[in-house]
Amino acid sequence: LQLHRDVVLERDVLVSSTMAGFANEVKLFGKWSYDGVTNKDIALEDYVAVKLQDGVYLPHTAGRYQMKRFRKAQMPIVERLVDSLMFHGRNSGKKQLAVRVVKHAFEIIHLLTDENPIQVYVDALINSGPREDSTRVGSAGVVRRQAVDVSPFRRINQSVYLISIGAREASFRSIKTIAECLADEIINASKGSSNSYAIKKKDEIERVAKANR
């Protein structure tokens, strides 16, 4: 009996030390580290949740981020991408599917760029948010466009939205999977390439705003 207790105790110690080895760092999908992910744009620091304390294993936190204004700024930034993929009625609520798509896309990004996919994604977000937009100003039927600056929060919102739309449109009626299209979109956006839908839209929005200054 004593021998059995010793064996069980030894096993528990072994398991707990192994678990401690696993649990000392939070990695996205158990693979991608948040350590060393940098945000090049100081204005967007508060709205891109990629610091170590914002790290999650799975971008599926089931948090109530809509309850209060600006609460979604604390949402893990990869989860925001997952949620923005679930658009157009037939995809609504399929979060497991969206998580899997993002997981595969990040694998592809790592294979193509040999970098941390979280870093590539953050760079893509910084590059694809329009910095200037135009709004409608006027009353009594006389309406004109007026150029305005875009807040950092809206820049991030627009980036996530444009990247997911670009991936969705590229994969629609195409032989490429949504994960491949999302990976291509994020890589092109991170490089600032005009092959990216998000970068094209951003340039177009800024061009229109410049004309309406």
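Start at Ser159, which touches Leu125, Ser128 and Gly129 once residues up to four places away in sequence are left out; contact here means heavy atoms within 4.5 Å. Before going on, keep in mind that this is a predicted model, where local features need pLDDT of at least 70, side-chain atom pairs count only at pLDDT 80 or more, and totals for chains, interfaces and linings use all residues. Residues are numbered from 1 along each chain as its sequence is written, and side-chain values use heavy atoms, with hydrogens and water left out.

Ser159 sits in helix 5 (residues 152–171); helices (H or I, at least four residues) and strands (E, at least two) are DSSP runs, numbered from the N terminus. With 0% relative accessibility, Ser159 is buried, on a scale where buried is under 20% relative accessible area, exposed is over 50% and partly exposed is in between (1.4 Å probe, protein chains only). A polar atom of the Ser159 side chain lies 2.9 Å from the backbone oxygen of Leu125.

Leu125 brings us to helix 4, where it is one of the buried residues, as is Ser128. Helix 4 covers residues 117–128, and its 12 residues reach 16 Å from first C-alpha to last, close to the 16 Å expected at 1.5 Å a residue (the expected span is 1.5 Å times one less than the number of residues). Because 11 of those 12 residues are buried, helix 4 is largely enclosed by the rest of the structure. At its start, a side-chain oxygen of Asn116 comes to within 3.1 Å of the backbone nitrogen of Ile118.

Now for the charges. The whole structure holds 8 salt bridges, each a side-chain nitrogen of Lys or Arg within 4 Å of a carboxyl oxygen of Asp or Glu. One of them pairs Glu107 with Lys31 (3.0 Å, N to O). Glu107 is in helix 3 (residues 95–113) and Lys31 in the loop between strand 1 (27–28) and strand 2 (32–33), so this pair ties together parts 76 residues apart in sequence.

Another joins Arg213 to Glu132 at 2.9 Å, N to O. Here the partners are 81 residues apart, with Arg213 in the segment after helix 7 (197–211) and Glu132 in strand 3 (residues 132–139). Arg213 is exposed at 62%, whereas Glu132 is buried at 14%. Elsewhere, salt bridges that share partners join Glu79, Asp83 and Lys95 into one network.

Methods
Polar contact = N/O pair within 3.5 Å; in protein donor to acceptor, adjacent residues only side chain to side chain.
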